[in-house]
Amino acid sequence: MTSSPVSSLTIRLVAPHEYAGAGALTVEAYRHSYEGLSEGYLVSLADVEGRVAQGEVWVALDGDEIVGTVWTPRPGERLSPLAADGELDFRQLAVAPSARGRGVGEALTRHVIALARSRGARRVVMNSGPEMLGAHALYLKLGFSRLIEREHPVEVEPGRFLDLRAFGFDL
């Protein structure tokens, strides 16, 4: 079955009544694409309320349906040690498996870039798991480049390290 492009995509901050749905979508998206995710990590992916307490969670809607989500920091803050002064980082970009191939991930990434520009950032940065090849292809297509000098093992849970890839987009 071929997905049709998103015709009426709206991106806005998540509303409290949408936390559970946005969290479930994030878990579904990551489970669909990546094996071996721990229960602790899946719980963190579902915790939209916790992410909102630390930053901004954006949702992409096709009509009334949430089809994607991404997490950014509030102005002047950072989500991860990857971001340096003047940089905006983002995490946990997720697209519902049923909406893949319709431009949702690209729209969310472009939204983050526009947000960074509006906040006066000089670069957008993010980490991505080594197995997230589809995401890597999207970022490279949009003009991101690898920041190999910032790549090192990151403890994602107590005692569990991943060799995350770092990407940046100069504004």
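The model is predicted, so local features are described only where pLDDT is at least 70 and side-chain atom pairs only at pLDDT 80 or more, while totals for chains, interfaces and linings use all residues. Residues are numbered from 1 along each chain as its sequence is written, and side-chain values rest on heavy atoms, with hydrogens and water left out.

Helices (H or I, at least four residues) and strands (E, at least two) are DSSP runs, numbered from the N terminus. Contact here means heavy atoms within 4.5 Å.

In soluble globular proteins, nonpolar side chains tend to be buried together. A nonpolar core is a set of buried Ala, Val, Leu, Ile, Met, Phe, Trp, Tyr and Cys residues joined through side-chain atoms within 4.5 Å. The largest such core has 45 residues, and those with the most contacts inside it are Tyr30, Phe90, Val124, Tyr139 and Phe144. Leaving aside residues up to four places away in sequence, Tyr139 touches Phe90, Leu93, Thr109, Met126, Phe144 and Phe167. A second, separate core of five residues includes Leu82, Ala83, Val125 and Leu147.

Next comes the sheet. Four strands form an open sheet in the order E4-E6-E10-E7, with mixed pairing; two strands pair if DSSP finds at least two bridges between them. Strand E4 (87-89) and strand E7 (145-146) are the edge strands, each pairing on one side only. E7 and strand E10 (residues 165-170) run antiparallel and are joined by two bridges, and Arg146 stands opposite Phe167 in E10. Helix H4 (residues 104-118) lies across E4, strand E6 (123-128) and E10, at about 140° to E6. Helix H5 (residues 133-142) lies across E6, E7 and E10, at about 20° to E10. For these angles, axes are lines fitted to C-alpha atoms, for helices over the stretch in contact, and angles run from 0 to 180 degrees between N-to-C directions.

Finally, the whole structure holds 13 salt bridges, each a side-chain nitrogen of Lys or Arg within 4 Å of a carboxyl oxygen of Asp or Glu. Arg119 forms one with Glu56, the closest N and O atoms being 2.5 Å apart. This pair links distant parts of the chain, with Arg119 in the loop between H4 and E6 and Glu56 in strand E2 (residues 56-62), 63 residues apart. Glu56 is buried, at 14% relative accessible area, whereas Arg119 is partly exposed at 27%. Glu87, Arg122, Arg123, Arg150 and Asp170 are linked in a network of salt bridges.

Technical notes
Buried means under 20% relative accessible area, exposed over 50%, partly exposed in between (1.4 Å probe, protein chains only).
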